Structure formats: structure tokens, C-alpha cells
Amino acid sequence: DDMMLKFTTDGKFLMQIGHAGKSKGDADKDNVKQAADMMVFKDELFVADGYGNHRVVVFDTKSGTFKRTWGANGGPPFNIAHAIKVSNDGLVYLADRGNQRVQVFTTTGAFKQEVKIGAGTNQMQTAAGLAFSPDRAQRYLYVADIGNNQINVLDRQSLKILDKFGKAGTAPGEFGTIHELAADSHGNIYTAELRTHRVQKFTQK
């Protein structure tokens, strides 16, 4: 519905950002268009405004007012800015699904680095979901690869891919179009799949 809604933990409505069908595109300061993901960091709401628009947009969490926006660094614009996470040390990680990459920015939008996900596999879409390991330094970045049905384990600082696991299928441990993932405080990973309509849990050992 092209909007973000804010509630108290017991469900009381507090605030709305955006209105259905009102977006004027990537320069719009009041509306989003089919935003895919969001995260709060230090009183700012970072939004992957990525299914209908092609940007990261930041709003104030208290007032809902627009603060800033930015697009991709170099090359093509974001093509489904699908997942966004902000690390403890203030770096913004954006999964650019249609361009098979993760780009990293400061919280003000300055580009830092990028990594290609699924390189050499001829998949049109890859980087779909993001999560950090739960240690204070958030040493690892987990990336869900929707095209190859894999989870990539990266060193967060260098973006070097350390490991991958998973394959397409319906058996436990396989993925039926992996779409999103999350990690809990114990390091367990949870995945959401489109084709198989299921959630799986992978236990940290």
C-alpha cells in the first residue's frame, strides 16, 4: 500500500509515512512506492524503496519527516532494492537483487564498497535478504541468494565470501526460492521461501 506504519508494542497506531498511489518517483520526499524493507538506526528509518522506486530513503522516526535519499553507486541504478540493514558501526548494507550485488554506504549515503553475489551463475536475480551475526562486531554478513537458492556467508568488513550452503529443492535444508532471512541472538538463521511457502531454522553449532 506504499506506506510505512508505526505502532506501539501493544498495537496502538502512532504514525503513517507515505500514501497509496501518490509516489512521484525517486525524488519524492513524502511517499514511497512498494518499499521492500526497512530498519531503524539511531532515530532514523532506513527504507529500501525498491520494488517501485530505485533508492534508499531515510525518514525521522519521531516525526516521519524526510531526511535524505540516494541511489546506487556507479553502473546501473538499483534494480529491486530489496533488503536493507545497518550495522552497529553505522554502515548501510543494501541488497540490490536485480543487479546481483550488495552495496555498502555510510548512513549519509557515501559509497564504501560492493560485492557481487552469484557471480558466474547466469542468474538474473540473486541478493535478496541480509542478516548479521549476533556478535558485537557483527563479523559475518549472511546474504540470501534467491536465484541460486543459497545462503552466502561473508566477512562483513572485507565482503569476502567465506562459505555458501543450500540448494534448490523441497527437502529440509533445501530452498524453494529463498526470499528473506534473519538471525537471532544465538546465531540461528531463519529463512522464508516463496515457492514452498515455509520458514526454516538453521541452528548455530
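Colleague: Which residues does N53 touch, not counting residues up to four places away in sequence?
Modeller: In this predicted model, N53 touches S23, G25, D26, V32 and K33 once those close sequence neighbours are set aside.
Colleague: And where is N53 found?
Modeller: N53 sits in the loop between β4 (44–49) and β5 (55–60).
Colleague: Buried or exposed, that N53?
Modeller: N53 is buried, because its relative accessibility is 3% and the cut-off for buried is under 20%.
Colleague: What does the N53 side chain make polar contacts with?
Modeller: The side chain of D49 is one partner, at 2.8 Å. The side chain of S23 is another, with a polar contact of 3.4 Å.
Colleague: Staying with D49, which side chain meets it in a salt bridge?
Modeller: That would be R55, at 2.9 Å from N to O. Both R55 and D49 are buried.
Colleague: How many salt bridges does a search of the whole structure find?
Modeller: The search finds 9 salt bridges. One of them joins the side chains of R156 and D89, at 3.0 Å from N to O.
Colleague: Why does the R156 and D89 pair tie together parts that are apart in sequence?
Modeller: R156 lies in the loop between β13 (150–155) and β14 (161–165), while D89 lies in the loop between β7 and β8, so the pair links parts that are 67 residues apart in sequence.
Colleague: Are those two buried or partly exposed?
Modeller: One of each: R156 is buried, with a relative accessible area of 2%, whereas D89 is partly exposed at 42% relative accessibility.
Colleague: What does D96 form a salt bridge with?
Modeller: D96 pairs with R101, and their closest N and O atoms are 2.7 Å apart. D96 is buried at 0% relative accessibility, and R101 is buried too, at 4%.
Colleague: Where is N79 found?
Modeller: N79 is in the loop between β6 (66–70) and β7 (81–86), and at 36% relative accessibility N79 counts as partly exposed.
Colleague: New topic: how many residues are in the largest nonpolar core?
Modeller: That core has 15 residues, and those with the most contacts inside it are Y93, V102, L130, L141 and V143. Two or more residues come from each of β8 (91–96), β9 (101–106), β11 (127–132) and β12 (140–145). Apart from it lies another core of 13 residues, including F46, V86, L94 and F105.
Colleague: Last one: which residues make the nonpolar surface patch?
Modeller: L5, F7 and F13 make that patch, which covers about 290 Å². L5 lies in strand β1 (residues 4–7) and is partly exposed, with a relative accessible area of 38%.

Technical notes:
Residues numbered from 1 in each chain as written. Predicted model: local features only at pLDDT ≥ 70, side-chain atom pairs only at ≥ 80, totals over all residues. Heavy atoms only, no water. Patch = residues over 30% accessible without salt bridge, like charges linked within 9 Å, V, L, I, M, F, W, Y side chains within 5 Å. Areas by Shrake-Rupley, 256 points an atom, 1.4 Å probe, with all protein chains shown as cover. Salt bridge = Lys/Arg side-chain N within 4 Å of Asp/Glu carboxyl O. Helix = DSSP H or I, 4+ residues; strand = E, 2+ residues; numbered from the N terminus. Buried < 20%, exposed > 50% of the residue type's maximum accessible area, 1.4 Å probe, protein only. Polar contact = N/O pair within 3.5 Å; in protein donor to acceptor, adjacent residues only side chain to side chain. Contact = heavy atoms within 4.5 Å. Core = buried A, V, L, I, M, F, W, Y, C linked by side-chain atoms within 4.5 Å.
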